[in-house]
Amino acid sequence: MKEIQFISSLQNQKIKQLVLLQQKSSERKRSGLFVVEGLRELRHCVSKGYEIDSLFFCSALLGESIDDLLVASSYEVTEQVYGKIAYRGSTEGVVAVMRMRHTALEDLQLSDRPLLVVLESVEKPGNLGAVLRSADAAGADAVIVCDPLTDLYNPNLIRASIGALFTVPTVAVSSEACIRFLKARGIRILTAQLQDSELYYDTDMTCGTAIVMGTEATGLTNQWREAADAHIRIPMLGQLDSLNVSVSAAILLFEAVRQREGNH
């Protein structure tokens, strides 16, 4: 049985380091570590091959056994300490420091008719997390984040994705590298944009398809518009001219699912 150490001080160095990893992208990049909070998210993470560096838990908040998650560096903490390291209270009393894994485009194992989501310069972790949830639900092969403005291991992103960051292969690359990758594999590039576009449900998504979206504020750059095989749009019948990027992603992903289910 692994020896479990007890931490009751908010000034403990390991607690300070954990908080720093939560708050600072630079520290995550420097150390190669990130933080996962909650049993559901942690189990998804471990099931996909991520390794636990250290585990922190509060026995008073645990709802189930975590014996299978215990590692050499496991720490029991008080409720006060857990309150310091937890973003939210309903996380079953478990927070873990994990070792990063870096996935390259060439590591992606794509199906015969891959369905990909490409996001250019996404800034809000919550939006990316929500897109990942939709990608998981739609069975997408991967999410590719081009020229990201947030790091993939941001705690807000992990929390918003409820673990989908680990269930959907996710890669961060430059737009140039992504376009080369898609073109080389004959994957059709569909850019979501209002100008010079056709309705999304009139566009074939049964072949290998990459659905590409930009930010709500500025949309896609010309680089993507010019690389596209087709421009698609969601009809806007109200007074506003844009949807949240995560909502748009869900609509377009499930149109691809609808078309593919109908072609079985």
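**Stop 1: a pair in sequence order**

Select Arg-40 and Glu-41. They form a salt bridge, with 3.9 Å between the closest N and O atoms. The model is predicted, so read each distance as a computed value. Is Glu-41 buried or exposed? Glu-41 counts as buried, because its relative accessibility is 2% and the cut-off is under 20%. Arg-40 is partly exposed at 44%.

**Stop 2: a network**

Now select Arg-43 and Glu-64. Their side chains meet in a salt bridge, 3.2 Å from N to O. Arg-43 sits in helix α3, and Glu-64 is in the loop between β3 (52-57) and β4 (74-77), so the pair ties together parts that are 21 residues apart in sequence. Both ends are partly exposed: Arg-43 at 26%, Glu-64 at 44%. Arg-43, Glu-64 and Asp-68 are linked in a network of salt bridges.

**Stop 3: two domains**

Colour residues 5-99 as domain 1 and 105-262 as domain 2. Their centres, taken over C-alpha atoms, are 31 Å apart. Where the domains meet, 15 residues of domain 1 contact 11 residues of domain 2. Together the domains bury about 1200 Å², with 66% of that on carbon and sulfur atoms. On the domain 1 side, Arg-28, Glu-41 and Tyr-87 lose the most area to domain 2, together 33% of what that side buries.

Which side chains make a salt bridge here? Select Asp-151 and Arg-28: they meet at 2.6 Å, N to O. The count between the two domains is one salt bridge. Four residue pairs are in polar contact across the interface. Next, show α2 (25-31), β2 (33-37) and α3 (39-47), the elements that each give two or more residues to the domain 1 side. Of these, α3 gives the most, with four residues. The residues on that side divide into six nonpolar, three polar and six charged.

**Stop 4: helix α10**

Move to residues 245-262, helix α10, and pick Ser-248. Ser-248 is buried, at 12% relative accessible area. Beyond its sequence neighbours up to four places away, Ser-248 touches Met-213, Ile-234 and Leu-243.

Go along the helix to Glu-255 and Arg-258. They form a salt bridge, the closest N and O atoms being 2.6 Å apart. The two are three residues apart in α10, which means about one helical turn separates them. Glu-255 is buried, at 7%.

Notes. Residues are numbered from 1 along each chain as its sequence is written. This is a predicted model: local features need pLDDT of at least 70, side-chain atom pairs count only at pLDDT 80 or more; totals for chains, interfaces and linings use all residues. Side-chain values use heavy atoms; hydrogens and water are left out. Domain bounds come from an automatic or database domain assignment. Contact means heavy atoms within 4.5 Å. Buried area is the accessible area (1.4 Å probe) that two parts lose on being put together, summed over both. A salt bridge is a side-chain nitrogen of Lys or Arg within 4 Å of a carboxyl oxygen of Asp or Glu. A polar contact is a pair of N or O atoms within 3.5 Å; within protein, one must be able to donate a hydrogen and the other to accept it, and residues adjacent in sequence count only if both atoms are side-chain atoms. Ala, Val, Leu, Ile, Met, Phe, Trp, Tyr, Cys and Pro count as nonpolar, Asp, Glu, Lys and Arg as charged, and the others, Gly among them, as polar. Buried means under 20% relative accessible area, exposed over 50%, partly exposed in between (1.4 Å probe, protein chains only).
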